[in-house]
Amino acid sequence: MARQERALRTRRLILEAAASVFDECGYERATIGEVVARAGVTRGAVYFHFASKRELAQGVIEGQFEAEAVPERSCRLQEFVDTGMVVTHLVPIDPLVSAGVRLSVDQGAEGHLGFDAAPGWIARLERLLVTAGERGELLPHVVPADTAGLMTASWVGVQLQSQRFTGRADLADRVATLYRHLMPSIAVPGVLACLDLAPDRGARVYAEMVAARGGAEAEGAVTREAGEAGKVVE
């Protein structure tokens, strides 16, 4: 078990190093050597987990979906908003998310990767919209797949614009503006009036997620300690 945990930590360390390299250099100019240097591991350790630079890039993109989903709400459209706002909050601070965005829009990487992060985000948003429709939160004309695709494409465009003009300093404000324009076209009035679309929504929800994760980890530690104590008594 300890060996497995070390392997998982090493894999995560490599992915984070690779993400920072891809985010700064793009796919074409990124090198395994730079990933090795930043991760502080051997080249053999990198190749133990990832057979090629392509697999590293694929791991970075898939790493975005390993994190837990946003907290469940009674309103599924709030979860829809929260998902995009939390990602918005993470882009400047989480190398996996930031690099995943760059790799997804890096035209030089397109032929090497063969896929991007967009389908995963579209599927996640579509599931939330389908449930929102079943709960009567959507206007009758809304097609979940179409709205999920439009939202994902719009978010990427807003992110690129923010990165170009302000280095992402105003990303949360721009995405909040996007939601303020989109949500009236899909949400029934009663639900729309209750939605929190503030620019700091992502930061607040993420803080809630971190607090919940910390509580769960503390509870797990207590359980493990109790188990170890029981073994000693036996």
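Predicted model: local features only at pLDDT ≥ 70, side-chain atom pairs only at ≥ 80, totals over all residues.
Which residues lie nearest the centre of the second largest pocket?

**View A. Helix 1 and helix 6 cross at roughly 40°.** The axes of helix 1 (residues 2-29) and helix 6 (residues 95-105) come within 8 Å of each other at this crossing, and the angle therefore makes helix 1 oblique to helix 6. The crossing in which helix 1 passes helix 6 is left-handed. On the side of helix 1 the contact includes R12, L15, F22 and Y27, which are among the residues that meet helix 6, where P95, L96 and R102 are among the partners. Sorted by class, this contact has nine nonpolar, three polar and five charged residues.

**View B. Helix 1 also meets helix 4 (residues 53-63).** Here the two axes come within 9 Å and cross at roughly 105°, and the two helices are therefore roughly perpendicular to each other. Among the residues of helix 1 that take part are I14, A18 and E28, while helix 4 contributes residues including K53, L56 and V60. By class, the contact of helix 1 with helix 4 has nine nonpolar, one polar and three charged residues.

**View C. The second largest pocket is lined by 18 residues.** Of these lining residues, V87, W121, T152, W155 and V156 lie nearest the centre of the pocket, which holds about 250 Å³ of space. Helix 5 (76-90), helix 6, helix 8 (118-134) and helix 9 (144-166) are the elements that each give two or more residues to this lining. The lining of the second largest pocket divides into 11 nonpolar, six polar and one charged residue.

Note on methods
Residues numbered from 1 in each chain as written. Heavy atoms only, no water. Axes fitted to C-alpha atoms, helices over the stretch in contact; angles between N-to-C directions. Helix = DSSP H or I, 4+ residues; strand = E, 2+ residues; numbered from the N terminus. Parallel < 35°, antiparallel > 145°, perpendicular 65-115°, else oblique. Left-handed = near helix turned anticlockwise from the far one by under 90°. Contact = heavy atoms within 4.5 Å. Nonpolar A, V, L, I, M, F, W, Y, C, P; charged D, E, K, R; others polar. 1 Å grid on protein atoms, 1.4 Å probe; cavity = no way out; pocket = protein on both sides within 12 Å on 5 of 7 lines; lining within 4 Å. Points joined across faces, edges and corners; volume = space filled by probe spheres on them.
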